[in-house]
Amino acid sequence: MISYTNTMDADELLQQTKALAKHMSVYQPSLAPDITSNAVVSESAIEELLSECEEKWKELEELQNKLTLIETLEDTGSEFSQLMTRVKALTSELNQWQKKEPELLSKNHDVLVAVGKEELQRVNKELEMVLSCCQAKNDKLNQDLKSEQKWLEEQEELLKAVTDKAAELQNEVMEFSESRAMRELKVKINQVKTYQEKLLEDLGEFIEEHFPLPQQQGNASKKKKNVPQEPTADLISLQEILELLMNKILQTPHEPYATIDNTFWPPYVEMLLRYGVALRHPEDPNRIRMEAFHQ
C-alpha cells in the first residue's frame, strides 16, 4: 500500500514537472518586470541587469535539462528505484527552494529605484481608485443620512401633532364625561326628589284617610247625635308627628329626640312605640325619637 502511494506521488510529481517544462515559455515574461516608468537608468545598470537575467536563464536551462533527463529515463523503462531516487532529490531541492528567502533581482541602486518608482506609481493608482470609490460611497451615505434625517424630522412633527391631538381629545373626553356625569346625577336627584314628594303625598293621603284627628271624629259623631261640642286642645296629626321625628333624626342626628306635649295624641304615640316606628328616651319617658331605618 505504501509503495502504491509513493508511485502515485511520483507519477503526479513527474506530470507536474513535465507541464512546467513544456510551458516554460509562459512563465518566462514574469521573470523580470518591465520598467515602463519614465525613470532614467544608466547603461551600466542595464548591462548588469541583462547579465543577471542571463545567469538566471542558464539556471532555468539546467533545470529543464534535468527534467528532460527524467523524461528520457522514464521513456527508456529504467528501474523504478532510480526514478524514486530522482524524485526524492527533486523533492528535497524543491523544499530548499521553498525555504529559501527570495533575493532581489539586482542590487544596482538605479534599477531598484526605477522598479520602486514603478511599484509606487502602481500602488498610487490603486489607492486613487480606492479613494475615489470611498468618496463616492461617502457621498452616497451623506445623501442617505440627509434623507433619513429629513424623514426623522417629519416623523417627529407627525408624532407631536398626533400627541397634541390625543391630549386635546382626552381633555374633551374628560370634560364630556364630567359634564355628562353631572347631568346624569342631577337627573337622578330630581327623580329621587320627585319620587320622595310622591311618597310623602301618598303617605299624607293615607294618614289623613285612615288616621284622622280625634277632634274631627268627635265632631262628626256629635253632629249626628246633636250633642253640643266641647272645646279641646289643638292636636297635631299623625303626619305632622312623623315629619317632626324625621326632621329631628335627619337634621340633628346627635339630638334626635322630640318632647311629647299636649299636642301629641297619646294613642298615636303608643301606636308608634308599639310597632317599632319610634323609641322612648331611656331616661326621660316624655321624649321619643324615630327608629334609624336609614342606617
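What pattern does the chain follow when read along the sequence?

1. Happy to start with the overall layout. This is a predicted model, and along the sequence its chain follows the pattern α-α-α-α-α-α-α-β-α-β-β. That amounts to 8 helices and 3 strands.

2. A few totals for the chain may be handy as you look around. Of the 295 residues, 16% are buried. The exposed surface comes to about 23800 Å², with carbon and sulfur atoms supplying 56% of that area. Counting contacts between residues at least 6 apart in sequence, 65% join residues at least 24 apart.

3. Helix H7 covers residues 238-251 and helix H8 covers residues 266-274. Their axes come within 11 Å and cross at roughly 50°. An angle from 35 to 65 degrees falls between roughly parallel and roughly perpendicular, so H7 and H8 are oblique to each other. As for handedness, the crossing of H7 past H8 is right-handed.

4. Which residues of H7 meet H8? On the H7 side they are Leu-238, Ile-241, Leu-242 and Leu-245, and on the H8 side their partners are Tyr-268, Met-271 and Leu-272.

Definitions and conventions
Residues numbered from 1 in each chain as written. Predicted model: local features only at pLDDT ≥ 70, side-chain atom pairs only at ≥ 80, totals over all residues. Heavy atoms only, no water. Axes fitted to C-alpha atoms, helices over the stretch in contact; angles between N-to-C directions. Helix = DSSP H or I, 4+ residues; strand = E, 2+ residues; numbered from the N terminus. Parallel < 35°, antiparallel > 145°, perpendicular 65-115°, else oblique. Left-handed = near helix turned anticlockwise from the far one by under 90°. Contact = heavy atoms within 4.5 Å. Buried < 20%, exposed > 50% of the residue type's maximum accessible area, 1.4 Å probe, protein only. Areas by Shrake-Rupley, 256 points an atom, 1.4 Å probe, with all protein chains shown as cover.
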